[in-house]
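Here is a short tour of a structure with several chains. Take a look at the sequence and the model, and then let us walk through them together.

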Amino acid sequence: MFAYRKPLLMTAAAFAMLSQVAAAEEQFFPIVSYRVGPYGANGQSFYGGFVDYLNYVNLKDGGINGVKLAWEECETEYNNAKGVECYERLKAKAKVSTGPLHVMSTGISYALIDKTAEDKLPLAMMGYGRTDAVDGSVFPYAFPLVTTYQMQASAIIKFIKDKEKGNLDGKKIVFLYHDSAYGKEPIVALQEEAKLNKFALTLIPVAHPGNEQSAQWLQIRQENPDYVVFWGWGVMNQTAIKAAQKVGFARDKMIGSWWAGSEEDTVPAGDAAKGYMAATWNVAGSDVPLIADIKKVVYGAGKGNLQDQAKLGTILYNRGVSAAVLSVEALRGAQEKYGKGKPVNGEQVRWAMENLNITDARLKEIGATDLLPPIKTSCADHEGSGMVKIQQWDGAKWVPVSGWIEGNKGLIHPLFKASAQQYAKEKGITPKDCAKES
Amino acid sequence: MRFFLEVLISGLLSGVMYSLVALGFVLIYKASGVFNFAQGAMVYLAALAVVGCMEKGAPLWLAVLLAFGIMTLFGIATEKFVLRKLVNQPPIALFMATIGLAFFIEGLAPMVFGSDPRALDIGIVDEPIEAILNGWGMVISKFDLAAAAIAAVLVTTLALFFQYTRIGRALRAVADDHQAALSIGIPLQHIWAIVWGVAGFVALVAGMLWGARNGVQFALTFTALKALPVLIIGGFTSVPGAIVGGLIIGASEKLAEIYLPALMQSAFGGNFGGIEGWFPYVLALGFLLVRPEGLFGEKHIDRV
Amino acid sequence: MLYREAGQFKSSYAADQQLFPIRQDRIGIILLLAVAFLVIPLVAGEYWFSAILIPFLIFALAALGLNILTGYAGQLSLGSAAFMAVGAYAAYNFQLRVEGIPILFSFIGAGLTAAGVGILFGLPSLWIKGFYLAVATLAAQFFIVWCLTKFPWFSNHSSSGVISAQKVVILGHVFASPREKYLLVLSIVAVLALAAKNMARSSTGRAWMAVRDMDVAAEVIGIRLLPTKLLAFAVSSFYCGVAGALYAFCYLGSVEPDGFSLDMSFRILFMIIIGGMGSILGSFLGAAFILLLPIFLDIALPWLAGLFGLPFSNATVSHIQILVFGALIMFFLIVEPHGLARLWQIGKEKLRLWPFPH
């Protein structure tokens, strides 16, 4: 019965040796990523962009104030248990110095939310994950940065309302969603909006994985709504676009979430996707100065993370770059406060993420004008922006068709507050007083 | 009534798509008693091979031929390196091996052909047929009809192949009794290689149709999950069973998705949609209670 | 010389029927438990507790549950993860809704709830056999997960359906650190594993094996199929349910129904097939193998690629991992279709004869 203990201990020794490699004067990034499995293609673009930007900072500026960036990647296959294993594996190093953790999976971020708070490591959930973490008094270490599902849903409604000349009274909107935590989160927000704007809301769930939707779309045809708001992920997106074509529903009346609006979603649907719209918090295009510069500096030096350079400038690639930009800005902020030219730890990064202030001017300096919206966070607002753009697929690329639209904060943020309070009560957490934070 | 018919027809047509995947399972199970869980992964591999070859510049017909070649080679290799070594092992070990095979394909295929979701254009647009739309106001997709026609041709060809060719007869003999077939001089291993080749061909057809419908991507492996209840209803060993099972599952699943949640909603309150994940399985379970071997399965007699 | 039963005389029925009739086995198991309880907590680090040992024990427990059903009673099931989900959600609701209930009672309650659900889905096993039954258990897998998603009562009306496990408190002591959680999980798993070992050699266990080997024959010699099969489903689901509760309370902390996916059921099935069907030890070996292999590949492959200077991108490395995982499963099945436990048994046979081969 001892047979299996010995190899275990031997691997333990191997681990110990491996984990001593990181040098002291480097800023470490734990990257819990996925590049295979059902959503592997999405992960490849996102983490490709993320790593490329870290490389770019190293090559272009020699790191942050001279502190080189280092990172280690661990594959989760979008699986919660593997995500936890990866996190635990990278944790030892991350405790010394860390950048924000991006897991790009709602399930994994839920599993890590308590652990990261305990270990004092900041968890960034940009456009996914636990949305009530907007309330930093209950969730000090979790940051649903930029915007959340609820705010996004609200922004989409606002966009539709503008299109309908400011009146949604009597309109019909169908919400077609992936039947999981991801798809269910915005329902509350949409119901509130429906009450406020007096439109009829119909909820139609799609079972995972969503590769079969003819029943749902026949139902939509029957309902004949004015718009379909769509929360899909992976294969569900292409299937929905194709099924819309199959029942003859106009694609330009379909507005997807930001996980349903990338090239990975529209290209496989072919011509059917033309006219389809989606929200996004970062724009596509390789003509953004920063992306063009990454191409020159990183790929020029042969250090690019992606084999296929055509992916540069796609939505998800740019999203990875945007996530890295925010992470690096947080590190800059932390160094500013706690000592320039030194690696910073989780607590320090947490402070910086709570006091981010990335203005348009700063974005311009980085070369990321309009790549992402300006962001200003605080203890009471871990979201910091709440703005999205609506973009439309013209058959070959995504074209923004609106400016930055902000969701209805007055309507949505109290929902977060209430939900966070319930969580605090269930868990026995005493919320800290945001008024006392500086 | 119009809506009911519309749902029914679209369900039947979706069912044909499930049948196509189920057919691959049946062929292999019939001939070798292996429950081939890798069929879904083979669908993925076949579709990827087609788009992969097209990306390298091959025209569609050549890509299809190449993909067929790849699938055949793959089937033969599977037989030679995996199944042959597992002869006489319990069925569960063989089943497990095919799960291992599924992992193997899921790692290999995207490595060779790329993992990005891609479109596959086989020249049929997935749009409603205008005449029917204008005449009766019903939506019936051109693509689904074409797919059904292709499935019909495929099944007829397979049936004829099994019934009238020498190899087909040998296949049926092997399916009936391995040892008896061996003793009258049928080369078992050749037969198995052929079956895996044919299953590869079926996977290719299914992969192209599913790929053209939803895009070629990893999720094609999930098509296997849609095929399992079809198999139960039709029976693991029956080709017509796979078709009938598919039609039953497709139609009932769509009708249930439309009408059942509304009923449950009035009973419990709340939103109960999205039942397509489990409904086919529960339906199949119901069928099993009445006919434990499926509709067309062979009656199994236990002797002590 | 070391491992030999010659000279160990049994002079009473009790001695002949004990759990580990061979003295060396007894010493071995005591040593093993001593190491697990006393040595490992001293030497292992946090990573080992929370990323390897705790999930290993939990999955071993789930595999044990499935092994009772599949390995001993011969009923193939692909729904183990769903029964774990039942356990996790039941324990959460017991803690939430029953004022002041001790956590261990919640865990037992979770097991019993899962057992009840298991009996319900075990009923068709009377009519259905083999792969047909396996596909029928898939109905349990999908239906249970759907129910947990759809009825907001189960998740205390959380908008996303995710539950966060409460604190683990026993007799006023809070089990918070990974080391404490490890010890808690280990105690529960050790007790349940010994119970399973005991059950397997009892008349119940022998009835299960008779049903597995040929149910018609078993019926002829007077074993009643209905209670026997249902008991197997109940016990198996009990183990899975407790494993699920531990999974939520001692491992992940927050769980969503979708996390208990078909994929997880398959992994548990892999564990018992690779480890060995109808073997308690095999469940542990299999869990260790299936959990550790991907981690090992994840570390070894980039290292190897670096060593030989191979130009692998991250995506390629990830793909190779899956490929090698699949290939190794096939390889193991070809080399030893009866699992790792069988290798251990062969080793024991050899040891018995050692150093004289005949």
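What percentage of the contacts in chain A between residues at least 6 apart in sequence join residues at least 24 apart? The share is 70%, where two residues are in contact if their C-beta atoms, placed from the backbone, lie within 7 Å.

## Ground rules

This is a predicted model, in which local features need pLDDT of at least 70, side-chain atom pairs count only at pLDDT 80 or more, and totals for chains, interfaces and linings use all residues. Residues are numbered from 1 along each chain as its sequence is written, while chains are lettered from A and ligands numbered from 1 in the order in which they are written.

## Chain A as a whole

Chain A holds 14 helices and 15 strands; helices (H or I, at least four residues) and strands (E, at least two) are DSSP runs, numbered from the N terminus. Its radius of gyration is 22 Å, close to the 22 Å that the globule rule gives for 438 residues, so chain A is as compact as a globular protein of that length. Here the radius is taken over C-alpha atoms, and the rule is 2.2 Å times the number of residues to the power 0.38.

The C-alpha trace of chain A spans about 65 × 60 × 50 Å along its principal axes. Of the 438 residues, 63% count as buried, meaning that 20 or more other C-beta atoms, placed from the backbone, lie within 10 Å of the residue's own.

## Strands of chain A

Two strands pair if DSSP finds at least two bridges between them. Strand β4 (residues 123-124) of chain A pairs with β5(A) over two bridges in the parallel sense, and A:A124 stands opposite A:F143 in β5(A).

Another parallel pair joins β6 (residues 172-178) and β7 (residues 200-206) of chain A over seven bridges. In this pair, A:V174 has A:T202 of β7(A) as its bridge partner. Together with helix α6 (residues 181-197) of chain A, β6(A) and β7(A) make a right-handed β-α-β unit; right-handed says that, with the strands pointing away from the viewer, the path from the first strand over the helix to the second runs clockwise.

## Two domains in chain A

Chain A is divided into domain 1 (25-147 + 285-376) and domain 2 (149-280 + 390-408), with bounds from an automatic or database domain assignment. The centres of these domains, taken over C-alpha atoms, are separated by 28 Å. Domain 1 of chain A gives 12 residues to the contact and domain 2 of chain A gives 17 residues. On the domain 1 side, α2 (40-61) and α11 (315-338) of chain A each supply at least two residues.

Chain B has 12 helices and zero strands. With a radius of gyration of 20 Å, close to the 19 Å that the globule rule gives for 304 residues, chain B is as compact as a globular protein of that length. In chain B, 55% of the 304 residues count as buried.

The contact between these chains takes 34 residues from chain C and 39 residues from chain B. On the chain C side, α13(C) makes the largest share, 13 residues.

Methods
A residue is buried if 20 or more other C-beta atoms lie within 10 Å of its own, exposed if 12 or fewer, and partly exposed in between; C-beta atoms are placed from the backbone.
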